[in-house]
Structure formats: structure tokens, C-alpha cells
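I wanted notes on aromatic contacts and on pockets, so I opened the model and went through both.

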Amino acid sequence: MFSCLKGKVGEVLLPGDEFSFEADDTISLTEHVKREKVVCGPGLRRSGDRLVVCKSGVLRHKQPNMFWMDSQQRRYVPAKGETVIGIVTVKSGDVFKVDFGGSEQASLSYLAFEGATKRNRPNVQVGDLVFAQFIIANKDMEPELVCMDSSGRANGMGVFGGGGLLFTVSLGLVRRLLAPRSEVRSDLQQLFPCELVVGMNGRLWVKSSSVQQTLVIANLLQSCDTMTDQQRRQLFKRVAQGAL
């Protein structure tokens, strides 16, 4: 299975495509062979000895043995540990309701902020933007968010968003922006220095020195969704030269 998957990296796969153990992947009775373990990312599912594709897209690989499907999906499914940008919609008692773009809203306790106590409550109002992390993301339970890490520190999370612009992009572009050596992010920072908050739910918040620059950055990022790397470089070059 491992060798077969590596041979398909970079190709377009469709839901229903399967990979199974080949003859050279089976365990020998005379020789000690260590079976390669495959870590399934988004878009892939294990079913016994088979690996099934459940989302259309391009197969990607990360060393040593992680595979996932890279697609232009916009519907977000919450996952534990992911950070998202949410909008506070309801403030009822000790719990806030946050819209993160999923099928249902998530809950956020007022104690889930750094330094928050019963007497020292955070100043959170309806309509505020919050950068938070999922601690519960289960199809059978209500999603729950927190604005601090395991050590009780905010670590960049909490209420934000004064004077910036919030917009949505595909989940594929979000993963490209969050990559350790993202060319899109580095080229954008050289072109227009700005503040950028990226949520795994496909929401981006950006703030630059002027409203005009902020709108230009938002349009550039939304255009990158459907462009190849070469087309993106040409677009950024034309903007740098003042042609657009």
C-alpha cells in the first residue's frame, strides 16, 4: 500500500478510489519484514486492509508516512486542537455562543480566557471576533472552544479584530498559508506588510496601514484560490510594479 500511495502523489483522485496491500507489502513467513504504517489525513479513510478516498482532490504526502487529499473544500468540519476564527452571536449567562461556519454553533465559557475568574470576567460582546481552539469536536457532542492553551496562557488567542477585514477562502488556501515555508505568505508580506490571522475554518482577518491596502490584500488572497504558483507570482509582480 505504501509504495502504491507514493506512486499516486500529485495525482487527482476521486471518492471511491481504493488502495490495498500488494504482493510486496505482505508479511513473509521466512523473513522478518516490518510493515509500513500509513497515517491518514483529511480525505482518506482506513477500512480493514483497504485505504478509501472519501474526498476528491490531489493526493499529498509528508515525510515519513502521512498522506492526505488537498482539495478546494469550503465546508468546515471541526476537529479537536484546530484554531478557528469565530463570531460571538449569543451571550447567555456564563456561556457565549460562537459561529465558526460549521453546521452548529460552538460554546465558549467566560472562564476559558487567560486570567478570567468569576469576579474578573472578560469583556466579550455580541459581534466580537474571537480566535479560539477546539477542545471538544465530536459529532455526538456540542463543539466547545477555549481561548487559552493547556498551560492557561492566551498564546495569541482571544478577542481581536479592531479595524480589520474578515473574509473567507477555501480550506486548501488556509493550509498553504499555514505551511512552515509558505510562499504565498512570504510574498504577501514583502508586498504589503500587514497583520494576518488565519483560521482553519477558512476565515481570514487582515489589517494593513490603510483601508485601500487591506482591500487589495483581501482580493489578492481570494484570487490565489484558483491560481497556480506561476500565475500567483505574475499577479504579485504586476501589483508590485503598479500595473494593477
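**Basis.** I worked on a predicted model, where local features need pLDDT of at least 70, side-chain atom pairs count only at pLDDT 80 or more, and totals for chains, interfaces and linings use all residues. Residues are numbered from 1 along each chain as its sequence is written, and side-chain values use heavy atoms, with hydrogens and water left out.

**Aromatic pairs.** I searched the whole structure and got four aromatic pairs. For a pair, I required ring centres of Phe, Tyr or Trp (its six-membered ring) within 6.5 Å; planes under 30 degrees apart are stacked, over 60 edge-to-face, and the rest tilted.

I looked up Y76 and F100: the centres are 6.2 Å apart and the planes stand at 90°, so this pair is edge-to-face. Y76 sits in the loop between β7 (66-70) and β8 (83-92), and F100 in the loop between β9 (95-99) and β10 (106-113), 24 residues apart. Strands here are DSSP runs of E with at least two residues, helices runs of H or I with at least four, numbered from the N terminus.

I then checked burial (buried is under 20% relative accessible area, exposed over 50%, partly exposed in between; 1.4 Å probe, protein chains only). Y76 has 5% relative accessibility and counts as buried; F100, at 1%, is buried too.

F100 also pairs with F134: with centres 5.1 Å apart and planes at 85°, the pair is edge-to-face. F134 lies in strand β11 (residues 129-136), 34 residues from F100. F134 is buried, as is F100. I therefore logged Y76, F100 and F134 as one aromatic cluster.

**Charges over rings.** I counted a charge when NZ of Lys or CZ of Arg was within 6 Å of the ring centre and within 35 degrees of the ring normal. R121 lies over the face of Y110, 4.0 Å from the ring centre. R232 lies over the face of F236, at 5.8 Å.

**Largest pocket.** I used a 1 Å grid over the protein atoms alone; a pocket is an open set of points with protein on both sides within 12 Å along at least five of seven lines, and lining residues have an atom within 4 Å of a point. The largest pocket has a volume of about 1200 Å³, taken as the space filled by probe spheres set on the points.

I listed 37 lining residues, with W68, D70, L171, G172 and R175 nearest the centre. Which element gives the largest share of the lining? It is α2, with five residues.

Conventions. 1 Å grid on protein atoms, 1.4 Å probe; cavity = no way out; pocket = protein on both sides within 12 Å on 5 of 7 lines; lining within 4 Å.
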